[in-house]
Amino acid sequence: MTTDAAVPDWEMRFRAPRVSLPDWAEDAPDRALFVSNATGTYELYAWDRSSGRQRQVTDRPNGTTDGVLTPDGEAIWWFSDTDGDEFGVWMRQPFGGGEDEPAAPGLAPSYPAGLAIGRDGSAVIGRSTDEDGTTIHLVPTPGGEPVEIYRHRESAGVGDLSHDGTLIALEHTEHGDAMHSALRVVRPDGSTVAELDDTEGGTKELGLAVLGFAPVAGDTRLLVGHQRRGRWEPMIWDPVAGTETALPVDLPGDVGAEWYPDGSALLVEHSFEARSELWRYEPGSPEPVRVQTPAGTVSGATARPDGTVEYLWSSAERPPVVRSTSGGVVLDPPGAKAPPSVPVEDAWVEGPGGRIHALVQKPAVGDGPFPTIFEIHGGPTWHDSDAFASGPAAWVDHGFAVVRVNYRGSTGYGRAWTDALKHRVGLIELEDIAAVREWSVASGLADPERLVLAGGSWGGYLTLLGLGTQPDSWALGLAAVPVADYVTAYHDEMEALKAMDRTLLGGTPEEVPERFEASSPLTYVDAVRAPLYISAGVNDPRCPIRQVENYVDRLAARGAVHEVYRYDAGHGSLVVEERIKQVRLELEFALKHLGGGAVQGA
């Protein structure tokens with residue numbers, strides 16, 4: 001179902017115009033901000049809903065996705081980095097258009113660590129640098145002199161600002177566990193109002209998250225996510241009154257929430273077994289009420305002032321669309337629509353740490369066994385879901401089955417499953433992937449001679465580690481923006497990721513060298529036998545290029561079959577044609593070494 005006979009479906013899925021869920025100004029709800037790839041690069045767009053006028057806010061070679069509206073809707077803040085390196089400053093532009101100016105000219109470039117903008121024109125800005133760790137600053141007026149109100153070597157960030165601007169909620173990991181934050185509420189002068197810490201000084205692995213202050217003047221209630229019952233769920237904490245209110249939202253899986261605009265109810269987002277749904281809960285009620293959405297994945301939702309809910313929905317088969325509970329599509333970009341793909345099927349496989357959930361897509365023609373690609377998600381604290389993804393759909397179009405594994409470390413299956421990823425980092429996930437691989441072959445789905453291990457970011461890391469530790473299991477590897485040399489990656493990456501690695505591995509490379517060695521793909525590079533394709537961004541602050549080059553040099557030194565593609569961006573690209581090029585190169589590499597037809601559209 002290609003709209004242009006010269007363009008294959010898999011390319012159309014990337015090129016079809018998409019929009020994010022529009023964010024709207026709290027005190028001017030007709031003014032909205034969204035992200036779109038309409039020009040071929042993902043950029044920010046302003047939308048005046050009352051007039052229907054839309055305009056492009058940013059226009060940069062490598063794209064822009066981080067932006068926030070001021071509460072009055074008069075201005076847009078957007079984060080300006082250099083070619084995707086994530087290191088930069090916040091800029092400010094009038095909603096109706098005009099010149100960009102530094103939003104906080106007194107702050108030097110940094111990695112972002114949260115932003116909250118007040119109704120009085122003030123802003124709370126979080127920063128992270130290798131030199132200073134995390135610092136948080138109050139900017140009292142637009143363009144005013146920033147005042148530092150927080151500093152710590154460990155990771156922290158701005159959570160939210162109360163309606164009247166008198167309370168600031170922070171998430172921090174001063175206890176040294178980057179996977180489980182504690183909360184602190186402070187005044188604008190930095191003085192502490194209250195603390196909430198479920199880690200008990202780092203001896204207990206329970207996290208907290210800021211979900212947002214009540215959107216009502218004078219209301220000091222803070223919606224908080226907690227893990228006290230083995231999964232994420234919301235509660236209400238009043239840091240001024242010192243009270244905590246549990247919520248009877250007893251749903252399996254992880255539960256998040258946000259306030260309705262008048263503070264009378266909560267919009268509950270429920271994620272369970274790779275699908276999601278929405279509920280409405282009114283504090284004091286015995287239970288929540290379902291908000292009807294189609295089966296699949298809700299990637300974001302917001303309650304409007306009139307009580308309707310707008311949400312971004314998709315499934316593995318159907319492309320994303322912004323819908324409303326009042327009926328119809330909220331924001332439909334012009335242009336050709338993305339062709340559908342095939343639905344996803346669930347597989348449950350017994351593994352060494354418990355039942356593993358995998359999502360499977362098969363070509364519409366044939367019964368298998370198929371050449372099969374294990375597309376491993378990044379994170380690691382993330383999960384694959386029944387949502388539309390152009391990359392896996394491209395492989396299905398070319399006759400491959402696609403298997404996506406929510407290994408231990410993935411979110412959405414309870415705290416114990418996520419937190420199982422400690423010390424034997426990488427090796428744990430690969431045990432789960434190996435169990436699903438064995439099932440895929442035994443079930444007749446996968447051709448054991450044409451099995452591909454692939455992924456980006458953490459998935460790219462697991463690809464390299466898997467090819468070295470399971471060399472007989474995989475016929476080919478495709479690793480995008482991977483961790484390749486764990487020790488060098490640690491020393492070169494951004495400070496927040498250093499903290500995460502210390503948590504995962506139990507220390508620095510100098511403190512636990514044996515763990516870094518056991519978990520580093522570089523340790524096993526000489527065992528890699530499968531042809532390997534690697535792509536990397538030269539400005540990547542998360543999986544820096546130097547450690548990738550170290551790994552590639554070792555492959556080249558022994559004449560291993562490999563190809564490397566380097567591109568001028570960071571941790572992935574926001575340019576549509578660049579994304580298509582990368583998928584095409586991966587398809588060509590796989591078909592060349594596994595056998596098969598030509599890449600469609602090549």
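How many nonpolar, polar and charged residues are in the lining of the second largest pocket? The lining has 14 nonpolar, no polar and five charged residues (Ala, Val, Leu, Ile, Met, Phe, Trp, Tyr, Cys and Pro count as nonpolar, Asp, Glu, Lys and Arg as charged, the others, Gly among them, as polar).

A word on ground rules: this is a predicted model, where local features need pLDDT of at least 70, side-chain atom pairs count only at pLDDT 80 or more, and totals for chains, interfaces and linings use all residues. Numbering runs from 1 along each chain as its sequence is written, and side-chain values use heavy atoms, with hydrogens and water left out.

Now select Pro319, Pro320, Val321, Asp332 and Lys337: of the 19 lining residues, these are the closest to the centre of that pocket.

Next, pick tyrosine 461 and tyrosine 486. Their ring centres are 5.6 Å apart and their planes at 75°, so the pair is edge-to-face (rings of Phe, Tyr and Trp, its six-membered ring, pair if centres lie within 6.5 Å; planes under 30 degrees apart are stacked, over 60 edge-to-face, the rest tilted).

Then show arginine 323: its charged end sits over the ring of tryptophan 313, 5.0 Å from the centre (NZ of Lys or CZ of Arg within 6 Å of the ring centre and within 35 degrees of the ring normal). Arginine 304 likewise lies over the face of tryptophan 24, at 5.2 Å from the ring centre.

Last stop: glycine 595 and proline 371, 224 residues apart in sequence and 9.8 Å apart in space, C-alpha to C-alpha.

Definitions and conventions: On a 1 Å grid over the protein atoms alone, a cavity is a set of points where a 1.4 Å probe fits but cannot get out, and a pocket is an open set with protein on both sides within 12 Å along at least five of seven lines; lining residues have an atom within 4 Å of a point.
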